[in-house]
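User: Pick one part of this model and walk me through it closely, please. I'd like the details in one go, with the cut-offs spelled out.

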Amino acid sequence: MPKTKIETTEETTSSARRGARGANVQHVLDVLRSDGPSSQAAIARRTGLAPATVNNIVQALRADGVADVQWINGREALVQLVPKQGAIVSICAGPESVQGSVFNFAKGTRTNRTRKLLKDDRPGASPEAAIELIRTLAGDAGVAVSDLAGVSIAIQAPIDRVSGSIAPWAANRMPVWRNVPIAQVIKEALGVPVVVDNDANLAALAEWTWGTGRGSDCFLYVTCSGGIGGGLVIDGKIHHGGNGMALEIGHIVIEQTGPVCFCGSRGCLSTLASERSILAALQGSESPKRSLVEVIESAKDGDPACQRVLYEAGRNLGRALANMSKILAPSVVAVGGVLSEAGPLVFDSLHSSIEENNVPAFCPSIKFKRALIADATSLGGVAAIMSELGQGVSELPGWMGAAS
Ligand SMILES: [Zn+2]
């Protein structure tokens with residue numbers, strides 16, 4: 001059944017794109033992804049299309065099973081994107097583990113699996129381990145691998161889009177992936193549509209699609225946990241830059257004489273606001289901690305040393321975001337990751353840096369927010385594949401965010 005669905009969808013999408021109506025169909029899909037459930041009148045306003053044209057497109061999308069109509073109070077009909085069939089696998093590969101989920105839209109279920117690396121494993125879950133995990137997840141969903149609608153691979157490292165591999169300067173983090181053209185290798189092994197991207201880029205896409213970035217035409221996202229990554233979504237598309245390595249916010253230099261970073265610079269944001277740097281800053285205090293979560297808990301309990309390091313992390317993050325904002329003029333900036341769970345302990349100093357750098361003068365309507373979407377990388381992978389297939393999910397159903 002999923003295979004039939006995929007063929008139908010691809011045929012519809014490709015034929016629509018070939019035809020004169022193609023651009024209009026794409027425009028309607030883009031609005032539904034950007035704005036969520038919308039009335040046909042609202043779609044007509046946003047696209048500039050005639051109401052009759054919008055109606056025809058909506059009926060065609062409904063006939064294809066891509067869209068549905070939701071009644072509000074029995075009066076207003078909202079169009080929404082609702083894939084009801086097929087399964088998508090979304091995995092994330094990093095230096096310490098490869099984890100993934102299968103989203104079965106026919107059954108409305110999600111299954112998660114993690115493969116942590118054993119001590120004698122080579123560092124960085126290998127491409128073979130990733131392929132094995134995808135096969136296992138397809139089995140969990142009761143779907144043949146060849147029937148998967150698509151597979152998304154998030155990599156916890158920058159991807160050089162020219163070579164399709166991890167950027168050489170970052171390859172030491174996951175050496176078994178060095179020089180591996182990731183999308184090509186996975187596609188050849190599985191024979192299904194594959195999207196490969198940096199994990200923060202995909203997280204940004206999820207936060208734009210279902211979170212605090214919804215409806216924003218220029219959305220900047222930064223995530224701060226073990227590492228620091230960023231993503232920029234412009235008009236619903238991830239901005240990759242010329243070679244794919246745009247938005248490496250973690251490597252913006254904040255202190256020229258700061259600690260040496262693995263990228264070769266000194267004083268990168270990653271050396272000042274990542275988990276490792278925050279824990280290192282506490283080493284000389286009476287409050288050494290084992291994790292950023294512990295630091296945040298202690299800070300909330302009143303530990304002044306933990307409060308201090310979070311304050312400084314927020315201040316440095318604010319400096320980086322101030323510089324980014326003056327260049328990009330985003331309408332919304334969202335901060336995700338473990339650090340954002342510190343709330344005002346981080347955001348107060350972040351906002352101070354924004355004010356100190358006079359960002360509001362350059363971007364009067366800019367908003368800085370805490371990210372809303374948990375597990376954003378995995379969900380961003382689903383959003384990316386759906387965008388490739390001409391599908392989408394306007395409202396995030398509870399089961400997609402649930403672990404099992
Ligand atoms: Zn760096």
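**A close look at the metal site**

Analyst: Both H251 and C268 are buried (under 20% relative accessible area; exposed is over 50%, partly exposed in between, with a 1.4 Å probe and protein chains only). Bear in mind that this is a predicted model, where local features need pLDDT of at least 70, side-chain atom pairs count only at pLDDT 80 or more, and totals for chains, interfaces and linings use all residues. Residues are numbered from 1 along each chain as its sequence is written, and side-chain values use heavy atoms, leaving out hydrogens and water.

Now the zinc ion: its protein donors are H251 (ND1), C261 (SG), C263 (SG) and C268 (SG), at 2.0 to 2.3 Å. Donors here are N, O and S atoms within 2.8 Å of the metal (3.2 Å for Na, K and Ca), and with water not among the atoms, sites may look incomplete. The 4 donor atoms subtend angles of 103 to 124 degrees around the zinc ion, so the arrangement is tetrahedral, a label given to four donors if all angles lie between 85 and 135 degrees.

Along the chain, the donors follow the spacing H-x9-C-x1-C-x4-C. H251 and C268 are 17 residues apart, and both are in the loop between β12 (237-238) and α8 (270-273). Helices (H or I, at least four residues) and strands (E, at least two) are DSSP runs, numbered from the N terminus.

For context elsewhere, an open sheet of 5 strands runs in the order β5-β4-β3-β6-β9, with mixed pairing; two strands pair if DSSP finds at least two bridges between them.

Conventions. Tetrahedral: all angles 85-135°; square planar, octahedral: opposite > 155°, others 65-115°.
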